[in-house]
Structures are given as structure tokens and as C-alpha cells.
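Me: I have a model open and would like to go through some local details. Can you take my questions as they come?

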Amino acid sequence: MPNDADALDIDSKVEKWIEAFHSLKKWKRAPNPKLRSGKKRRKSPARTFEQKLAKIRADIGADAIDQLVATDKADIARLEQDLATATTDTERDRITAAIEALEEQVAANLMELDVAAKIAARVQRLDDAEGELDEVKADTLQKIADLQGQLPADAVDLNTLDAKRVAEFRALHVGVQRNIDHARAEIVTLARPTRSGPKEDKFSVINSTEYKILFGMLEQSVLELQLGKLDDAFATVNAAAQLLVTYRNARTGADPVAQKPGLVPGLDAPMQAAMSRIEDLEKRGFATAVADLRNRHDALENTIRTGLANNEPDLAAVHADTARALEADAEAALADYIKVEKLLAEARKDIATMRGNGHIHRPKRAEAKITAYQPGDSTQDALERAGEIRAYAAEKLADTRKDDLRRAGMSDADLRKQLDDIKHRFDAFLKTDKSGDRKTRKDDETGQQKLVPKSSKLPDGAVAEIELQLLAAEQLIASGAIDALRMAASYFDGVENFIGAIENDPKIYKTLEGRFDKLDAKIAKIEKSYGLYEPGQRLDLKAEAGDLRKGHLTRLQSDVADDIDALDTKVDDFKAKVKGLRQRKRALEKVADEREATLKKIGAALAARNGTMNEENPFDGYHGGDADRLKTLRAKISERSERSLDEAAQIIVEMGNLKGILDALERQNKGEALPIDQMSAAFDFVADARQGQKAHDDNQAKKKDFNDKRSEAKKIIAKAIDRTKDIKGDPTELEALENERVALVAETKDSGKYIEGLTKMDALVIRATRLANDAKAAAAILDADLQSAAVACAQGVRAFRGHVAGFVQKVVAPVGMTDAGNQLDDPALYDRAKIEGLITAIVKAMPDAIIDRLDSNAAILADRQAAAKDRKIARKEALLAVRALMGVFDGFDPLAVFRSHPFKDESIAALESARKALPRLEIRFLKTSIG
């Protein structure tokens with residue numbers, strides 16, 4: 001039976017139907033998740049970590065590998081010295097190839113050591129998390145017993161506690177409980193090492209003992225609440241949330257998603273928007289000034305939560321204006337305080353300008369005003385005080401400018417003389433005509449006149465940049481402002497450096513172009529040798545080189561050279577990275593090849609058992625979980641990215657020590673006795689392989705069914721497309737469905753997963769059949785004679801009405817059936833009379849009197865011998881009936897809610913078919929002429 005929280009509260013509002021349907025759907029509680037293999041969850045892994053680590057290292061010969069790695073590294077160092085002194089390309093290529101081969105061997109050996117370390121780390125993490133579960137559980141149960149003992153004498157009236165904090169506690173309690181339930185439903189598969197190789201165990205993300213501990217803590221917090229210990233209750237729930245993180249991380253490394261319950265649809269958005277702005281204001285340092293906004297928000301939230309607890313009606317409508325007003329006030333306050341920050345930022349800019357010009361006292365006094373600034377209790381106070389500071393800083397900046405002009409003794413004449421000198425030097429770069437004027441030419445792209453440089457080694461873009469800077473300097477001089485004059489002087493310095501570099505090295509741009517070409521060639525070579533490794537990063541480097549080349553004519557040449565140096569270093573670093581990835585990929589491929597070869601031998605060893613072990617599904621190889629892991633491993637290695645290679649290494653860890661399994665199976669086949677732990681490992685592996693073989697056989701058995709279903713789907717879709725085109729309908733959805741079918745066929749053929757493919761193809765056939773039926777129904781209306789079309793439409797409406805009439809008995813009631821009877825009949829939980837009453841309302845909304853008018857009036861309208869007056873009346877009556885029924889389908893609230901029911905039956909398909917037929921029949925009535 002559902003508990004009180006599951007019970008349904010149905011009133012006369014049709015909106016409650018949604019809640020009713022969803023509650024009904026959840027009548028039967030889901031049992032604790034079961035493992036697909038049928039094994040029980042393990043409480044904890046083996047607690048012999050140190051011994052396991054030693055065994056792992058012994059199995060792979062770790063000490064010997066350590067020595068081999070050291071020897072290989074010494075050989076690499078020696079070869080690198082030989083490479084530095086090599087004199088020919090042939091000798092350098094030979095030495096480089098030898099170094100790369102040794103580096104790949106080192107990478108492969110380090111991979112084996114890394115596998116052992118990662119297996120050990122996972123076992124240790126689980127061991128740490130589960131070491132004292134029984135003690136923690138016993139301690140939690142004792143706390144609950146102590147609190148229950150206090151409860152009869154010391155319980156408090158919860159109405160005397162802070163209502164807001166109690167509501168917050170309840171929301172937190174529900175959120176943590178939801179996270180615990182979600183974690184309990186998750187299953188992870190881990191490989192743990194044994195002396196004979198890895199053994200695969202299936203764990204819940206939290207096991208049964210942990211689940212009991214966490215829910216015990218939640219029960220403890222409720223008892224603390226009932227005793228009035230609200231702080232203790234909060235602390236206990238938060239401790240449970242943190243302990244859940246610890247348990248989950250022990251197996252998955254992932255934290256649960258925090259879930260904050262909402263309030264009421266329609267109020268959540270403005271309340272959350274208001275709080276977002278309030279928090280933004282507090283982060284900006286305006287907490288005091290926005291205290292009133294927070295108090296208003298908290299008071300309104302508390303009022304809403306209290307209303308929810310008391311089941312008050314129309315909460316969204318009652319509080320909508322207040323929530324929107326709160327949001328608007330918070331938005332306005334934030335806008336005002338952004339203005340405050342802008343004013344203070346402008347004042348700080350003036351202060352920085354004064355300091356930059358060498359002033360001390362005036363900026364210090366202005367800054368002291370900012371330091372002492374307090375926003376006040378209102379936005380108006382804050383704006384006024386910030387405005388005063390801004391005005392003060394601007395005034396002091398104006399004073400300093402006057403002093404600077406006087407002290408600097410700057411004048412337009414001096415700057416103009418410097419400008420004229422630079423122009424004269426600039427003219428030396430340009431071609432002139434016989435009269436001495438600068439030569440220009442029309443730019444093919446912009447149509448503008450451009451100056452022509454004397455030397456072909458000086459690009460047009462560099463000439464244009466000098467001209468642009470000189471023009472800017474001339475305009476700054478014309479302004480007469482001290483800052484502008486100083487900026488003009490800085491322009492002159494820039495132009496001086498720019499021109500000076502060209503004067504000192506007329507070929508400088510040719511040199512830069514050559515360096516760009518070498519950089520591009522280096523990137524292209526990396527692409528050729530390592531094109532499949534981290535292509536995104538390589539394209540970023542290529543784009544950076546292109547941007548640098550594109551903009552280099554307008555920048556100081558020495559800065560461009562520095563940027564080329566920096567980018568060249570990045571390219572070298574990237575080459576080293578992808579080279580390392582290639583070495584790592586080859587090492588991983590080698591390990592993958594070894595694993596694949598071992599799995600093939602394991603398959604042969606399993607097949608050899610067929611005659612002696614009386615296997616229900618004889619082995620024809622190995623098809624267990626490691627076969628799928630091997631496919632994934634190959635795919636990850638083929639991606640060649642750093643991330644995918646990391647994932648490939650992790651998959652190797654999960655595959656564990658297959659050589660130990662192979663050894664055990666071969667020894668078993670020879671009739672040798674095995675130690676108990678090795679025998680257990682082999683038994684578990686064979687059990688997994690047996691399930692894999694059965695799944696493989698089952699999958700192959702479905703291949704013909706899949707091929708038959710794909711042909712069926714193709715015929716249905718093709719026929720539906722032809723029928724749709726015949727009635728001049730839109731076949732786009734059907735054509736998309738055919739494309740989906742073709743893609744599914746290719747996907748299934750590639751993966752070989754025929755069971756999964758058949759399930760998807762079955763669903764596709766259902767969709768195709770629905771569309772085909774729609775096309776057939778449309779043809780029955782559009783292609784048939786008028787009276788036949790009306791009869792077909794009326795039959796569709798009656799068919800849907802029949803589905804609705806039997807909905808409770810045929811669809812809803814079976815869901816509620818339990819061993820103790822039907823829960824729908826329990827008046828303490830559900831008001832069946834009201835449910836059936838609403839169903840009856842839907843049925844009555846489509847009476848025979850209206851449906852009958854479709855075919856009866858269609859008969860008169862189709863009769864050319866009938867009087868025009870009678871036929872006109874018949875068409876009017878038929879149209880009224882069609883539109884009345886369409887109004888029920890589109891505007892009747894119970895029927896609108898009925899569309900959302902979660903049960904699996906044919907009622908919605910019948911609804912859609914009937915609804916689509918009505919406008920088609922309406923068109924036929926309208927197009928039928930009277931005279």
C-alpha cells in the first residue's frame with residue numbers, strides 16, 4: 001500500500017488529473033536495483049591491500065621492468081649524445097629511429113607499472129571507505145535509540161520554532177534523501193586484484209550498510225527536530241550529505257547533484273531572479289543597503305512555503321504581483337549600484353592618471369575619499385556620495401593638468417617640428433614624380449589612393465601604417481590638450497622606432513616573411529607526421545601563425561620578431577607533445593594486441609571445455625565483458641587525443657591480468673588442481689564468459705528477425721510515402737524516418753548488436769505504422785466519396801470515445817492491482833467515483849447526437865437530387881457538428897489533461913487520428929458545391 005506521502009488528493013479541478021496519473025503510475029514501489037548478472041552486491045572488497053599490491057607487482061615482473069626502464073633510459077641518453085655529434089642526415093635518421101624505438105619500449109613498460117598502480121589505488125580507496133561501516137551503523141542506531149528515549153518527555157511543539165528555519169530544514173532533508181535514493185540505484189563495476197588475476201565485482205554506489213547508516217542519520221535529524229534541537233538537526237543532515245559524498249567518491253569519484261526544491265510554478269522565476277540580484281549586490285559590498293530587499297525576499301518565501309504546507313489555493317496568483325515587484329526593485333537597485341561602481345571607477349581612473357603623471361598629494365586625497373566611502377542605507381545615498389567623489393577627482397585632475405602644461409613647457413611648435421622631421425624621413429621611403437610630389441596608385445580592393453614605396457621589399461601595409469600614425473599625431477597636436485600632446489609624443493616615439501628599424505635593415509620585412517614561411521612549414525610537417533594527434537591544438541597554432549602574419553605590418557618589427565620566437569617555441573612544444581602521444585599510442589596498441597591475443601587464447605581454452613563441462617551454450621570463443629572492453633579500447637586508442645589515451649589506459653586497468661586467467665583455464669583443461677583463489681577467479685571469469693556466450697548466441701539468433709523487420713519497415717514507409725504523395729500531403733516526416741531506418745541498419749551491421757537493433761527497429765515500425773495509418777485515414781477522408789468520408793470520420797471519433805469510456809477499468813485499474821486487492825478501490829487513498837466522473841465528462845462531451853450529424857447530413861449534401869435549400873442546411877449542420885467536435889478536442893480541459901496520461905495504451909493514437917480527420921472532412925464539406 002502507498003504511504004501517506006503517496007496518497008492522492010483529488011478535487012474537482014481537472015489539473016489534479018496530472019498528479020493523479022503520475023501517482024497512479026508510481027503505485028508499485030521499485031525494488032532495490034538488481035544486477036543484470038544476478039549476483040548480489042558485495043559489501044566490500046578484499047581487505048588484503050598490501051599483499052595484493054605485492055602480488056600485482058610480482059605478476060607483471062615489476063622489479064625486472066624497473067631495471068629494464070633504467071637501462072633503456074641510459075641507452076637513450078647515450079644515443080642523444082651521439083645524435084648531437086652526428087655529421088650526416090643518414091646517421092641522424094638512424095640514431096633518431098633508435099631513440100624513438102627505445103622511448104616506445106619505455107612507454108610500454110611504464111604502462112604496465114601504471115596498470116598495477118591504478119588497480120591498487122582503486123582497491124585501497126574502497127578499503128578506506130568501508131573499513132568501519134559496522135561500527136558507524138551501531139553508533140547511529142544507538143544515537144537514534146537515545147533520542148527516542150528522550151522524546152516522550154522532552155518533545156516540543158514545532159509551531160514554537162522558527163517557521164522559516166523549519167521550512168529550510170525540511171527542504172534540505174528532502175534534497176539529501178533524494179540524493180541518497182539516487183545513489184542507491186546506481187551500479188558500478190570494479191576490478192579488484194587477486195593472486196590469480198583481477199576479479200570483477202559489481203557494487204552499488206552506496207551499499208546496503210551505508211544506505212542504512214545514511215537514512216539512520218536522516219531519522220536521527222527528525223528526532224532532533226522533534227526535541228527542538230534545530231541546530232543539531234541541520235548538522236546531522238549536512239553530515240549525512242557529506243558522508244554520502246565520501247561513500248560515492250570511494251567508487252565513482254563523483255559528487256551527487258545538490259537539489260534545491262522549488263516553490264510554485266510562476267513564482268520560482270521572479271523569486272530566483274530577485275535573489276540572484278540580491279546576492280550580486282551583496283558580493284559587490286552593498287549588503288547593508290540591500291538588507292531590506294533580502295528581508296522582503298525571505299519573508300515572501302516563508303509566506304509561500306507556509307501556504308504550500310497548508311495547501312492554500314492559487315498561491316501563484318496571490319503572490320505574483322509581490323514577487324514581480326520584488327524582482328523589479330532588486331533590478332533597479334542593481335542598476336543604481338552599477339552606476340555607483342561606474343562613478344567610482346571613473347574617479348579611480350582620474351587618480352591613476354594623476355599618479356601616472358607623477359602627482360602624489362592630490363590623488364592621495366581623492367583616494368582617501370574612496371577608501372572612506374560608505375554606500376549608506378539607500379541607493380540615493382550611494383549615488384550622491386559616489387557622485388561627489390567623482391566630481392572631486394575630476395576637479396583635482398584638471399588642476400594637475402594645468403600644472404603639467406606649465407612645468408613641461410610643451411608647445412605645438414616643438415611637436416610640429418618633430419612631426420615635420422619624421423615626415424621628411426618618411427618621404428625618403430616613397431617614390432616621387434618629376435615635380436617631387438609623392439606617387440600614388442589606386443588600390444584594387446578598396447579603390448583608395450595609396451602611396452607607392454621605392455623599394456619592393458617595403459610592403460604597402462607598412463607604408464600605410466606610418467602614414468596613419470603620423471596623421472593621428474597631427475590630429476592630437478591640433479587638440480592642444482596636455483594628454484593629447486603627450487600621446488602625440490608617444491606616437492612620435494613609435495614612428496621613430498618603426499622607421500628606424502626599416503632604415504637600419506631595409507630587408508627586415510623580407511626576413512620576417514621568411515620566418516613566417518619556416519613557421520608554416522614546421523606546422524605543416526607536424527600535420528604530415530602527426531596529423532591525427534590533437535588536430536584542434538594544431539589548428540589553433542596554425543590560426544595563431546596566420547593572425548600574426550596578417551597583422552605584422554602594423555606593429556613594431558621587434559615585437560613581431562619576439563612573437564614569432566614565442567610561437568616557434570609553442571610549436572616545438574606541441575611537436576614534442578604529439579610525438580609523445582604517438583609513442584604512447586604505440587605502447588597502448590602493443591598492450592591492446594597482447595590483451596587481444598590473450599583473449600583469443602582464452603576463447604580457445606573455453607571452447608576446449610565444451611566436451612567435458614556439458615555447457616548449455618557451447619563456447620565458440622570468448623564473448624564476455626572484456627571483449628566489449630577491447631573494442632572500446634581500440635576505439636579510444638584510435639582517437640589519439642590525450643584524453644582518449646588516458647581513458648584507454650584506464651580500460652586496460654579494468655581488463656586486469658588476463659594472463660593469470662588464461663593460465664588457470666589451461667591448467668584446468670589439463671586436469672591440474674588449482675589453489676582455491678585461482679579456482680575462484682577462473683570460475684567467476686567462466687561465469688561471465690558463459691553469460692557473454694549466451695548473449696552472443698541470443699544476439700545472433702535475432703539477426704534474421706532484425707533483417708525481416710527492416711524489410712517490413714521499408715515496405716511500410718515506402719507505401720506510406722506513395723499514399724501521402726497521392727493525397728498531395730507532405731512526406732517529409734516519412735522521408736526522415738526512412739533515413740533513420742537506413743542509418744539504423746548501417747549502425748546495427750557495424751556493431752553487430754541485433755537485439756538492440758531489433759528493439760529500435762520495432763519502435764521505428766510502430767512510428768512508421770502510425771504515419772502510414774494517418775496517410776490511410778487521410779485518404780479515406782480525402783479520396784472517398786463524401787458520405788463514406790463522413791462515416792469514416794464518425795467511426796474514428798466513436799473509436800476514441802470507446803477508448804476513453806473503458807480507460808479506468810481497462811487501463812488504470814490493472815496498474816493498481818496488488819496481492820491485497822486493487823488500490824484504486826481503497827477510499828482512504830483514491831476517490832474512484834471522482835476519477836470515473838471526469839472520464840464520464842469526456843465521454844459526454846462527444847454525444848451521438850453530434851457525431852450522427854456528420855454522416856446523416858453528408859448523405860443529404862452528397863445527394864445531387866435533393867433540393868438546394870436542403871443541401872445548404874445539411875452543409876451548415878455538418879459544419880457545426882465538425883466544429884463542435886474540434887472544439888471538444890482542442891478546448892475541453894479534461895480532454896487536454898487526458899493527453900498527458902502516462903499509461904501505455906492506444907487511446908492517444910486514437911485521439912490524434914480522430915482529431916486529424918475532422919478538419920479534412922471540414923474541407924470536403926466546404927468544397928462541395930450546392931448549385
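Me: Where is Arg 640?
Reply: Arg 640 sits in the loop between H21 and helix H22 (642-655). Helices here are DSSP runs of H or I with at least four residues, strands are E runs of at least two, and both are numbered from the N terminus. This is a predicted model, in which local features need pLDDT of at least 70 and side-chain atom pairs count only at pLDDT 80 or more, while totals for chains, interfaces and linings use all residues. Residues are numbered from 1 along each chain as its sequence is written, and side-chain values use heavy atoms, with hydrogens and water left out.

Me: What about the phi of Arg 640?
Reply: Arg 640 is not a glycine, yet its phi is positive, about 70 degrees. Most residues other than glycine have a negative phi.

Me: Buried or exposed, Arg 640?
Reply: Arg 640 is buried, at a relative accessible area of 18%. Buried means under 20% relative accessible area, exposed over 50%, and partly exposed in between, with a 1.4 Å probe and protein chains only.

Me: Which other residue has a positive phi although it is not a glycine?
Reply: Glu 534 is one, with a phi of about 45 degrees. Glu 534 lies in the loop between helix H17 (508-530) and helix H18 (535-551), and with a relative accessible area of 13% it is buried.

Me: Back to H21 and H22. At what angle do their axes cross?
Reply: Roughly 160 degrees, and the axes come within 8 Å. Axes are lines fitted to C-alpha atoms, for helices over the stretch in contact, and angles run from 0 to 180 degrees between N-to-C directions. H21 is therefore roughly antiparallel to H22. The classes are under 35 degrees for roughly parallel, over 145 for roughly antiparallel, 65 to 115 for roughly perpendicular, and oblique for the rest.

Me: Left-handed or right-handed, that crossing of H21 and H22?
Reply: The crossing of H21 and H22 is left-handed, which means that the near helix is turned anticlockwise from the far one by less than a right angle; clockwise would be right-handed.

Me: Which residues meet there, in H21 and H22?
Reply: From H21 they include Asp 626, Arg 629, Leu 630, Leu 633 and Ile 637, and from H22 they include Arg 643, Leu 645, Ala 648, Ile 651 and Met 655. Contact means heavy atoms within 4.5 Å. By class, the contact of H21 with H22 has eight nonpolar, two polar and seven charged residues. Ala, Val, Leu, Ile, Met, Phe, Trp, Tyr, Cys and Pro count as nonpolar, Asp, Glu, Lys and Arg as charged, and the others, Gly among them, as polar.

Me: What does Arg 629 form with Asp 626?
Reply: A salt bridge, with the closest N and O atoms 2.8 Å apart. A salt bridge is a side-chain nitrogen of Lys or Arg within 4 Å of a carboxyl oxygen of Asp or Glu. Arg 629 and Asp 626 are three residues apart in helix H21 (residues 625-639), about one helical turn. Arg 629 is buried at 18%, and Asp 626 is buried at 6%.

Me: How many salt bridges are there in the whole structure?
Reply: The search finds 43. One of them joins Asp 82 and Arg 78, with the closest N and O atoms 3.7 Å apart. Both residues lie in helix H3 (residues 62-85), four residues apart. Asp 82 is partly exposed at 33%, as is Arg 78 at 43%.

Me: And Lys 704 with Asp 708, what is the N to O distance?
Reply: 2.9 Å, in a salt bridge between their side chains. Lys 704 and Asp 708 are four residues apart in helix H25 (residues 703-726), about one turn. Lys 704 is exposed, at 57%, whereas Asp 708 is partly exposed, at 40%.

Me: Which residues do salt bridges with shared partners join into one network?
Reply: Glu 513, Asp 517, Asp 520 and Arg 549.

Me: New topic. Where is Val 882?
Reply: In helix H32 (residues 868-891). Val 882 is buried, with a relative accessible area of 0%. Leaving aside neighbours within four places in sequence, Val 882 is in contact with Leu 854, Leu 918, Leu 921, Glu 922 and Phe 925. Val 882 and Glu 922 are 40 residues apart in sequence, with 6.6 Å from C-alpha to C-alpha.
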